[in-house]
Structure formats: structure tokens, C-alpha cells
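Colleague: I'd like to learn how to read a model like this one, feature by feature. Can you walk me through it?

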Amino acid sequence: MEGNFLPEEDVEMMENSDGMKTVTDESSPMVEPFIGMEFESEEAAKSFYDNYATCMGFVMRVDAFRRSMRDGTVVWRRLVCNKEGFRRSRPRRSESRKPRAITREGCKALIVVKREKSGKWVVTKFEKEHNHPLLPLSPNVRRNHPLPQTPDEKDAKIRELSAELSRERRRCTALQQQLDMVLKEMEEHSNHLSVNINNVIQSVREIESNTFTKPLS
């Protein structure tokens with residue numbers, strides 16, 4: 001069987017009340033992804049597609065994501081072949097340096113998973129076909145020698161972490177601005193109270209002074 005896949009009914013899955021099938025053991029023998037397939041979490045979906053990629057003979061890359069406008073959590077994720085897209089050409093810094101190997105060939109194979117209101121992650125898109133040869137590993141090699149992280153995967157992770165850091169910096173800047181505004185308002189209020197207290201004290205002193213200096217009749 002291609003890529004050592006099992007029929008869908010032989011994979012450990014759980015059918016919910018809506019008739020959807022949820023993968024309960026993403027490390028079990030592979031079944032081909034299909035639209036409507038459910039996972040308990042985003043990590044489970046990533047693990048499943050990573051194992052599927054290893055069986056088929058390509059490397060998964062974690063690609064784009066979308067966040068909730070409400071709480072900022074990830075609600076949509078695209079997982080692609082590491083040969084997806086094309087590398088942007090950059091001027092070479094030195095003629096003596098060897099050009100980098102071509103690692104992206106515009107492959108369109110991917111899955112898209114989306115978090116539903118139930119909290120489950122559901123496959124909403126699946127592209128199976130690759131535009132390059134696949135190199136499936138034998139079961140023993142897959143079990144004992146997991147594929148190393150590729151430069152493209154590292155670049156994608158760095159971009160994701162950099163974007164997260166940039167968001168946190170903007171958030172910290174906004175919080176600092178709000179804190180500065182609150183402190184300024186507190187300072188202004190304190191100054192206003194000080195002026196009022198000084199006025200009261202001055203009024204009391206004037207009253208006392210008038211009382212003691214007023215001649216007896």
C-alpha cells in the first residue's frame with residue numbers, strides 16, 4: 001500500500017455526535033487526510049500531517065496562521081510541503097560564495113486546519129499532489145531516524161517568533177502609554193489637591209489672624 005497507509009476504518013479514530021471523525025492517536029499508522037477530519041488540538045493536527053509527510057516522502061513546513069480578533073489565539077493554520085513557494089532572489093554578497101541550493105519549487109501540497117467553536121481542529125482544505133519526486137522512508141528508518149528540521153522550517157519558525165515578538169513589543173508600548181497617562185492624571189489630581197489644601201490652610205490662618213488681631217469692644 002502506498003506510503004504504508006491503512007484504510008480509514010483501521011486507524012484509531014473517534015466518531016462524535018455530528019458524525020465527524022476525530023483522530024485520537026496522531027502517531028498511529030497513517031490514513032490520508034480528508035476534508036472534515038478532526039483533531040483534538042492544533043498540535044495534534046501538526047503531528048498527524050508531519051507523520052503523513054514522512055510516510056509520503058516529503059517534509060512538512062508550518063506556514064501561515066490567523067489569530068482571533070477577540071483573544072489573539074491562533075484559529076487557522078496552513079501546513080505545507082517544504083518545497084512550497086519560491087525563494088526570493090537576493091544579490092550575492094560575494095562572487096566566491098556558492099549559490100544556495102534550490103529548496104522551493106512551488107509545490108502546492110498542503111492542508112488547512114481551522115478551530116471550530118467546539119474547540120476541535122477541522123481540515124478545511126487538502127491538496128495531495130506534489131510537483132516533485134517523493135522519497136518515502138522505510139518504516140524502520142521512520143521509527144528510528146526522524147527527519148531533521150530543514151532551513152526553510154527554521155526560517156519559518158524564526159519569522160513566526162519575530163512576528164510574535166513584534167506584537168508583544170507593540171502591546172508593551174501601548175500598555176506603557178496607558179500607564180504614563182494614568183500616572184500623569186494622578187499627578188495632576190495630586191497637584192490639584194495640594195492647591196486646595198494650601199488654600200484651606202491659608203484661609204484658616206487668615207481667620208485665626210483676624211480673630212486674634214480684632215480689638216476688644
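Modeller: Let's start with the record. UniProt, in an unreviewed entry, places the feature "coiled-coil region" at residues 158-192. UniProt positions are given here in the numbering used for this model, feature names are shortened, and annotations may be inferred rather than shown by experiment. In the model, residues 158-192 are 100% helix and 0% strand, with the end C-alpha atoms 51 Å apart. Helices (H or I, at least four residues) and strands (E, at least two) are DSSP runs, numbered from the N terminus.

Colleague: What should I keep in mind about the numbers?

Modeller: This is a predicted model, where local features need pLDDT of at least 70 and side-chain atom pairs count only at pLDDT 80 or more, while totals for chains, interfaces and linings use all residues. Residues are numbered from 1 along each chain as its sequence is written, and side-chain values use heavy atoms, with hydrogens and water left out.

Colleague: OK, salt bridges next. How many salt bridges does the count come to?

Modeller: Side chains of opposite charge can pair when their charged atoms come close. The rule used here asks for a side-chain nitrogen of Lys or Arg within 4 Å of a carboxyl oxygen of Asp or Glu. That gives twelve salt bridges. Take Glu40 and Lys120, whose side chains meet at 3.9 Å, N to O. Glu40 is in the loop between strand E3 (38-39) and H1, and Lys120 in the loop between strand E6 (110-115) and E7, so this pair ties together parts 80 residues apart in sequence.

Colleague: How do I read aromatic pairs?

Modeller: A pair of aromatic rings is described by the distance of the centres and the angle of the planes. Here, rings of Phe, Tyr and Trp (its six-membered ring) pair if their centres lie within 6.5 Å; planes under 30 degrees apart count as stacked, over 60 as edge-to-face and the rest as tilted. Searching the whole structure finds five aromatic pairs. One of them is Tyr49 with Tyr52, stacked at 5.6 Å centre to centre, with 25 degrees between the planes. Both tyrosines lie in helix H1, three residues apart, about one turn of the helix. Tyr49 is buried at 0% relative accessibility, and Tyr52 is buried at 1%. Tyr52 also pairs with Phe126: the centres are 6.3 Å apart and the planes at 75 degrees, so this one is edge-to-face. It links Tyr52 in helix H1 to Phe126 in strand E7 (residues 121-127), 74 residues apart.

Colleague: Which residues make up the aromatic cluster?

Modeller: Tyr49, Tyr52, Phe58 and Phe126 form one cluster. Phe126 is buried too, with a relative accessible area of 18%.

Colleague: Last one: how many disulfides turn up in a search of the whole structure?

Modeller: A disulfide is a covalent bond between the sulfur atoms of two cysteines. In a model we look for a pair of cysteine sulfur atoms within 2.5 Å, and the search of the whole structure finds zero. Cys81 is in no disulfide, and the nearest cysteine sulfur, that of Cys107, is 4.0 Å away. Cys81 counts as buried because its relative accessibility is 0%. Cys55 is buried as well, at 7%.

Note on methods: Buried < 20%, exposed > 50% of the residue type's maximum accessible area, 1.4 Å probe, protein only.
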